[in-house]
Amino acid sequence: MMLRVVSPAVLLALLVTAVPVAAQAPGLQARIDGTPSGGELVLEEGVYEGGIVIDRPMTLRGLPGAVVDGGGEGTAIEVIAPDVTITGLVIRNTGDSLDRENAGISANAPRVEITDNVFENVLFGVFLRSATDSLVARNDIGAKDLGVARRGDGIRLWESDGSTVVDNVVDGGRDVVLWFSDDLTIRGNVVTDGRYGLHFMYSDDALVERNRLASNSVGGFLMYSRGLTLLDNVFEDNYGPSGYGIGLKDMDGIVATGNHFVGNRVGVYLDNSPWSAGEWQTFSGNLFAYNRIGIEFLPSVKRNAFTANAFVDNGEQVGVVGGRDFSGNAWSVDGVGNYWSDFAGYDADGDGIGDIPHRVTSLYSSLTDEHPAVRLFDETPAARALDHAALMFPIMRPQEKVTDEAPLVRRPAIRRAVDAPTPNSGPLVGVGLLFVGGAAALILTSRRGVRGGMAA
């Protein structure tokens with residue numbers, strides 16, 4: 001019997017056909033495309049390629065260890081269908097194009113829910129466009145290691161009425177932007193180490209409650225909007241070039257209650273707010289403490305009411321830009337004024353209201369309002385000497401900036417609703433007697449400022 005020799009090539013072919021080959025698992029986009037409308041896709045632990053598009057109502061749920069990685073290009077997850085939920089994922093490594101607005105999640109459809117995700121090395125974190133009635137909750141949002149102007153926004157809402165942003169942590173991004181979006185609820189968020197913690201524009205009737213905005217250039221800048229309620233927020237240690245806890249420009253109908261403005265360059269800055277004739281705004285039960293300036297106004301600002309607030313050890317309790325007087329606002333409501341840590345009056349009848357008005361006046365502060373460069377001498381013996389001289393010599397006494405007719409003699413209890421440490425900040429302690437002569441020289445050359453500051 002004759003044996004036939006099988007060539008190695010034929011033998012290899014027989015082995016390959018005899019051993020089954022495992023099919024390659026479908027990519028994430030294919031699995032999304034295979035999920036029925038309204039269904040749920042659960043991702044096990046592993047790294048999944050980003051750049052996906054969700055075009056049907058569904059839930060994308062990650063188990064612990066599930067990562068969607070954008071590979072450093074474009075947007076990691078794009079949503080173009082309503083009623084989509086994305087939860088439990090780590091989303092990382094987007095592109096870095098501001099022009100293309102590369103984001104961890106970008107959604108352009110209503111009723112999107114983005115919850116319990118972690119965003120790492122992303123340009124924009126969550127970007128909602130025309131995503132009405134959406135929810136962004138309990139996400140931890142980081143940023144790319146770029147200069148602040150090159151970063152994207154941790155959260156951005158655009159034309160997304162009725163949406164809720166709650167209990168997110170945003171660190172190191174540019175802003176949290178809320179533009180052209182009415183009836184928002186912004187609650188319980190922590191925003192740190194950015195430019196504007198909150199940036200409102202053209203967004204009416206929002207509730208901003210129990211947020212902590214700290215160590216940003218500006219805690220919040222609110223512009224061109226109506227009917228915002230600020231309740232129990234903490235604005236602290238915002239000390240950039242502007243350094244406002246909050247800045248208000250062309251705002252109407254602000255109600256601010258129970259907020260803590262602590263350790264900022266300026267606690268609250270008011271520019272043309274309110275802007276509508278006959279409109280009033282109310283600040284009640286807020287704490288202004290250890291800021292360089294508690295509240296700063298443009299002199300044209302009117303129709304703001306202040307009652308039961310506490311002004312504690314601010315370098316300047318109230319400042320007026322340009323050094324002019326400030327009138328047309330109410331510093332007591334229904335016989336209740338504010339607590340001032342520098343009030344030197346008395347309460348003979350024990351009703352808790354000072355028996356003489358508290359007058360916010362300081363020769364040195366009047367000079368710094370008009371000539372900011374003089375702030376070089378803050379907390380120096382020169383500054384103190386000027387104010388003592390104004391007390392002793394009435395001819396040097398400046399015009400009063402604010403008069404509180406019913407000052408509180410006991411500091412009101414203003415609870416801190418947000419659990420966060422109080423920063424160790426406040427006005428810098430003086431630079432010594434070496435500056436006394438220099439301060440005197442600046443004051444003598446500022447005749448216009450001194451003349452404008454003297455009583456008539």
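**Rings, charges and a nonpolar core**

In this predicted model, the charged end of Arg-129 sits over the ring of Phe-127, at 3.8 Å from the ring centre.

The protein contains six helices and 39 strands. It has 456 residues, of which 51% count as buried. When contacts between residues at least 6 apart in sequence are considered, 55% of them join residues at least 24 apart. The accessible surface of the protein amounts to about 20,500 Å², and carbon and sulfur atoms account for 55% of that area.

A search of the whole structure finds 18 aromatic pairs. One of them is formed by Tyr-244 and Tyr-269, which are stacked with 4.5 Å from centre to centre and 0° between the planes. Tyr-244 belongs to strand 27 (residues 244-249) and Tyr-269 to strand 30 (residues 266-271), so this pair ties together parts that are 25 residues apart in sequence. Both Tyr-244 and Tyr-269 are buried.

Another stacked pair consists of Phe-311 and Trp-340, with 4.3 Å between the centres and 10° between the planes. Here too the pair links distant parts of the chain: Phe-311 is in strand 35 (residues 310-312), Trp-340 is in strand 37 (residues 339-340), and the two are 29 residues apart. Phe-311 and Trp-340 are both buried. They also belong to a cluster linked by ring pairs, whose other members are Phe-235, Phe-261, Phe-283, Phe-288, Phe-297, Phe-306 and Trp-331.

The next topic is the nonpolar interior. In soluble globular proteins, nonpolar side chains tend to be buried together. In this protein, the largest nonpolar core has 69 residues, and Ile-77 and Phe-200 are those with the most contacts inside it. What does Phe-200 touch, not counting residues up to four places away in sequence? Its contacts are Leu-178, Trp-179, Leu-184, Ile-186, Ala-206, Val-208, Phe-221, Leu-222, Met-223, Ser-225 and Leu-228.

Is Thr-85 buried or exposed? Its relative accessibility is 18%; because buried means under 20%, Thr-85 counts as buried. Apart from neighbours within four places in sequence, Thr-85 is in contact with Met-58, Thr-59, Leu-60 and Glu-113.

Note on methods
Residues numbered from 1 in each chain as written. Predicted model: local features only at pLDDT ≥ 70, side-chain atom pairs only at ≥ 80, totals over all residues. Heavy atoms only, no water. Phe/Tyr/Trp six-rings, centres within 6.5 Å; stacked < 30°, edge-to-face > 60°. Helix = DSSP H or I, 4+ residues; strand = E, 2+ residues; numbered from the N terminus. Buried < 20%, exposed > 50% of the residue type's maximum accessible area, 1.4 Å probe, protein only. Lys NZ or Arg CZ within 6 Å of the ring centre and 35° of its normal. Core = buried A, V, L, I, M, F, W, Y, C linked by side-chain atoms within 4.5 Å. Contact = heavy atoms within 4.5 Å. Areas by Shrake-Rupley, 256 points an atom, 1.4 Å probe, with all protein chains shown as cover.
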